[in-house]
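Subject: Structure handover

Hi,

Here is the structure for you to open. My notes on it follow below.

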Amino acid sequence: MSTSTQNPKNEFNLAIVGAGPRGTSTVERLAHLANNLERTANRINITVFDPYRPGSGHVWSPKQSEHFLMNTPASFPTVAPERTSDEPGLSFRQFVALHGDGRRLSEEHARMLSQVEAGTYPSRALYGEYLEHVYDSSVALLAAHESFSVEHLAAEVIGVRPLGNGYQLDYRTAQGEGEAAQKTFDAVVLALGHQSAELNPWQKQLQEAAQQADATYLPPNVPADLDYSLFAESQPALIRGLGLNFFDGMAELTLGRGGLFRETGKEPGHRLEYIASGREPELVVASRRGTPYWGKPVVEQFIPEEISLRYFDVPELIGQLAEARATNPAATLVFSRHIWPKLHRDVLFAYYSTWAESCGAPEGFSAEEFIEQLDELLTAEHREGSQVWLGELRKFIAQIPECEWLDVPKLAKPFDEVGFGSDAEYQQAVRDYLVDNARHSVGGLKDPLSCAIMTMNAGRMLIKELVVTGVIDEQSRIEEIQAHFEPLVEGLSSGPPLERIEQLLALSRAGLVSFIGPEPEFGFDEVSQMFTASSPWVDSEVYTARTMCEAMMPSNRVLQNDTQLIRQLLKDHVARAHTWRNEEGESLPGSGFDVVGEPYRLVNNEGLAHRGIFVLGVQLSSAQWGTAIAAQAGNMKNPAAQTLHDAANVVNEVARLAGLQGKEALSAAQD
């Protein structure tokens, strides 16, 4: 902290590196601090570094294609607590209700905003308008306060180094090509978001082969950064990945090429037909499971209030862990032993109780009697046999002819070990799967499978909270949760809105999308100079194309990220990757930075935490599960509001380091 001879205030200089959603949350929480701050002898000077427009940052530009949709309904996301009085906070749903809260919008965006409802999946461009508005409003409040200053530098930070009691930042402006400039700060917030990454060995091999043959290989990328002109009209293009990046590309290469989806008025799964423009490429697509992510149920909330957990009780688990630690201080929770058996019960209870209420109870039962019997089986005690209930429930369901068993783990791989005798057979199987998806999704809270999936998603939010608190065994977190449960719950809960499933079905019927098959094998044929793709589970000709696209984000592993800043932090030992030990005692690298505490302080190569370098977001993947771009609007105590907690914790600590005491240091954490 420095004191200027011309300004008697104590100056504290804060750098925020990255001004996307997480950086914007930090700026908004600083504005909240300013709003609650009386005159003080201290001053905080804030410098925001981002080569892109702050607020929207790299990914959320309002100028991007309107065809790219958000993955959560409008009722869910926020980068600030909801506004209650004269606070700077504002959720996206409030932004919608207030018709932009005074922000000047284009006619098109004003029209789109007026059509947004709670269950609408808005465009990312529209959410970018909201992000920029929150940032601008927060900056205006900070600038009006005599104890704060705020400046945005359109620059990329390429180095952070400890210097005395503070840190030197090296940066290069967006137009700068010469030597880097430097500034010193008392504290630094790393809110970096998604970073570019090195390709894995197989991807590098495909890229090199394509370069030598003058073919087109498109590596993992942010959808808005992809050059869609590289997809030739009427020519095949291989696409690996059937997640959200795929659906963005699918929309841009069809709607963006002048195509049209027309309503048919038919039943779910057949609601759209595609009118081609003739400019589309032919998309040949694949993923490991052979199907896209499951389309979301049609409900207004991300997790409706009607969805509850009765068996997966976090306070009860924490209490049991506390008892265990009385004799074994190192005791932890293991997902397969302590968590999944309880959450599995909740998922099955949601499925069968909804089935009884919506479809009618089986013969010999009223709905209430069936649900009571179901609960008795799920709560029965079996001494140490924590999984005996599963066999008992399966026997009970087997006695009911009209009721099928829900094999929850199998939902992650619907075509597991199923062979298909022809390409036509497989195309029809995927279409049938997608139609089934549409029928279930449109049922919303009355559909048993939709309720089971939403229940699992509710459990995921609580598991994220347990991961943050550090009570889950690390090997279990990595090898059970991230390796097995995450693909299951992500594939079912993080899929696109139902509109995208209907569009995909229409394109498949129009012959513009073909599915390769499960466990696809990609390669490059040197003779034909073509990319190749096939599935060992489909008896079909090998697909070939001169273009291949990896429809996925760059790898989120700090050891694989290739930006100058992350490389410098690791090379100069300012940071290190998190490591963990397996049961054999081997030390293995994690995906994120090594951090400690809350707020998360960066740990250097010697294992010491920096006093003033804080980490938010994507690079916390070794301390948190998931890379949420927003918090859930509403109650800040909700586990789904973690990004707001993280930003508030950072601002609390900045206030303390800057010497703000007592009432002066009010923060969002107590809101």
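Is A118 buried, partly exposed or exposed? A118 is partly exposed, because its relative accessible area is 29%, and partly exposed is the range between buried (under 20% relative accessible area) and exposed (over 50%), with a 1.4 Å probe and protein chains only.

Some ground rules before the rest. This is a predicted model, in which local features need pLDDT of at least 70, side-chain atom pairs count only at pLDDT 80 or more, and totals for chains, interfaces and linings use all residues. Residues are numbered from 1 along each chain as its sequence is written, and side-chain values use heavy atoms, with hydrogens and water left out.

Back to A118. It lies in the loop between α3 (107–114) and α4 (124–143). Helices (H or I, at least four residues) and strands (E, at least two) are DSSP runs, numbered from the N terminus. Leaving aside neighbours within four places in sequence, A118 is in contact with P73, A74, S75 and E300. Contact means heavy atoms within 4.5 Å. A74 is 44 residues from A118 along the chain, yet their C-alpha atoms are separated by 5.2 Å.

The five-stranded sheet

This sheet is open, and its strands run in the order β10-β19-β11-β14-β15. The pairing is parallel. Two strands pair if DSSP finds at least two bridges between them. β10 (216–218) and β15 (513–515) are the edge strands, and each pairs on one side only. From one strand to the next, the twist averages 20 degrees. Angles run from 0 to 180 degrees between N-to-C directions, and axes are lines fitted to C-alpha atoms, for helices over the stretch in contact.

Three bridges link β15 with β14 (residues 282–286) in the parallel sense.

Helix α5 (residues 201–213) lies across β10, β11 (236–240) and β19 (547–550). Helix α5 runs at about 150 degrees to β10.

The three-stranded sheet

This open sheet has the order β6-β7-β8, with antiparallel pairing. β6 (155–163) and β8 (181–185) each have a single partner strand, so one side of each is left without a neighbour in the sheet. Neighbouring strands are turned by 25 degrees against each other on average, direction ignored. Strand β7 (residues 166–173) and β8 are joined by five bridges. Q168 has T184 as its bridge partner in β8. Helix α15 (residues 564–571) lies across β6 and β7, at about 15 degrees to β6.

The α12/α13 pair

How do α12 and α13 pack, and at what angle? Helix α12 (residues 448–469) and helix α13 (residues 474–493) pack at about 145 degrees, with axes 10 Å apart. Their crossing is left-handed: the near helix is turned anticlockwise from the far one by less than a right angle. On the α12 side, the contact residues are I453, M456, N457, R460, I463 and V467. They meet R477, I481, F485, L488, V489, E490, L492 and S493 in α13. The contact divides into nine nonpolar, two polar and three charged residues. Here Ala, Val, Leu, Ile, Met, Phe, Trp, Tyr, Cys and Pro count as nonpolar, Asp, Glu, Lys and Arg as charged, and the others, Gly among them, as polar.

Cores

The largest nonpolar core has 88 residues. A nonpolar core is a set of buried Ala, Val, Leu, Ile, Met, Phe, Trp, Tyr and Cys residues joined through side-chain atoms within 4.5 Å. I463 and F485 have the most contacts inside this core. Helix α8 (residues 335–359) gives the most to it, with 11 residues. Not counting residues up to four places away in sequence, F485 touches F335, W340, L343, M456, I463, E480 and W625. A second, separate core has 30 residues, including A155, L190, V574 and F593.

Backbone spots to check

- The peptide bond from E598 to P599 is cis, with omega near 5 degrees. P599 sits in the loop between β22 (595–596) and β23 (601–603).
- Q529 is not a glycine, but has a positive phi of about 60 degrees. Its loop is the one between β16 (521–525) and β17 (530–534).
- H573 is not a glycine either, and has a positive phi of about 65 degrees. H573 lies between α15 and β20 (577–581), in the loop. H573 is partly exposed, with a relative accessible area of 38%.

Best wishes
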